[in-house]
Amino acid sequence: MALERQVRMKIAGKRDLEKDKEAQYWIEEVLGEKFPAGVLYEDALRDGLILCKLINKLEPGAVAKINTSGGQFKMMENINLFQQAIKKYGVPDLDVFQTVDLYEKKDIAQVTSTIFALGRACYKHPEFKGPFLGPKPADECKRNFTEEQLNAGQTIIGLQAGTNKGATQAGQNIGSGRKIILGK
């Protein structure tokens with residue numbers, strides 16, 4: 001039981017309530033509606049309804065059928081549909097939380113991290129005018145060198161690799177040498 005408690009405490013320690021509030025504010029701004037009053041952030045997201053509405057707002061029709069009623073299976077299906085849709089939208093697979101992280105509240109910090117990744121993916125879609133969440137990802141800076149420039153670079157020894165201009169440590173004897181005594 002002690003190991004399980006340590007794991008729970010470590011996961012809980014990763015959670016940043018300010019990031020949760022920032023993610024919640026962004027979702028509310030995009031959807032144009034507030035979270036239910038008196039309901040915790042993770043409880044509001046738990047059934048997947050808000051998440052499915054969010055991705056449908058960003059990419060209309062991304063989740064064709066949102067389950068509004070039903071049991072645990074239907075709610076977990078909403079979360080799975082959201083996850084599939086955000087991967088198609090451009091969120092890297094590594095940034096997507098696992099269903100149990102949200103549904104069983106195992107790692108809410110990872111859920112918030114996924115929402116931030118979705119916010120960053122919005123920058124890559126010019127049809128989305130904002131609001132945005134998180135820093136803008138860097139754009140590719142492709143450089144085209146001529147063959148002449150590439151050949152000129154091969155004659156230069158890069159100082160980044162380091163050079164000692166032929167110096168070696170041969171002949172250096174600092175302090176006393178190692179003595180090996182045999183036969184004792």
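These legends describe close-up views of a predicted model.

**View 1. The chain as a whole is built from helices.**
The protein chain has eight helices and zero strands. Read along the sequence, its pattern is α-α-α-α-α-α-α-α. Of its 184 residues, 29% count as buried. Consider contacts between residues at least 6 apart in sequence: 50% of them join residues at least 24 apart.

In soluble globular proteins, nonpolar side chains tend to be buried together.

**View 2. Leu-45 and its contacts within the fold.**
Residues up to four places away in sequence are set aside here.

**View 3. Helix α2 packs on helix α4.**
Two packed helices are described by the angle between their axes and the distance between the axes. For α2 and α4, the angle is about 55 degrees and the axes are 10 Å apart. The two helices are therefore oblique to each other. Their crossing is left-handed. From α2, the contact takes in Trp-26, Ile-27, Val-30 and Leu-31. From α4 come Ile-50, Lys-53, Leu-54, Lys-57 and Leu-58. By class, the contact has seven nonpolar, no polar and two charged residues.

**View 4. Helix α2 also packs on helix α7.**
Here the angle is about 45 degrees, with the axes of α2 and α7 10 Å apart. That angle makes α2 oblique to α7. The crossing of α2 and α7 is left-handed. On α2, the contact is made by Lys-19, Asp-20, Glu-22, Ala-23, Trp-26 and Ile-27. On α7, the residues are Ile-108, Thr-112, Ile-115, Phe-116, Leu-118 and Gly-119. This contact divides into seven nonpolar, two polar and three charged residues. Trp-26 and Ile-27 belong to this contact, and both also meet α4.

Glu-42 lies in helix α3. Its relative accessibility is 12%, so Glu-42 counts as buried; the cut-off is under 20%. Leaving out residues up to four places away in sequence, Glu-42 touches Arg-15, Leu-102, Lys-105 and Ile-108. Ile-108 takes part in the contact of α7 with α2.

**View 5. Asp-43 and Tyr-103, apart in sequence.**
Asp-43 is placed in helix α3. At 31% relative accessibility, Asp-43 counts as partly exposed. Asp-43 and Tyr-103 are 60 residues apart in sequence. In space, the C-alpha to C-alpha distance between Asp-43 and Tyr-103 is 8.7 Å.

Key: Residues numbered from 1 in each chain as written. Predicted model: local features only at pLDDT ≥ 70, side-chain atom pairs only at ≥ 80, totals over all residues. Heavy atoms only, no water. Contact = heavy atoms within 4.5 Å. Axes fitted to C-alpha atoms, helices over the stretch in contact; angles between N-to-C directions. Helix = DSSP H or I, 4+ residues; strand = E, 2+ residues; numbered from the N terminus. Parallel < 35°, antiparallel > 145°, perpendicular 65-115°, else oblique. Left-handed = near helix turned anticlockwise from the far one by under 90°. Nonpolar A, V, L, I, M, F, W, Y, C, P; charged D, E, K, R; others polar. Buried < 20%, exposed > 50% of the residue type's maximum accessible area, 1.4 Å probe, protein only.
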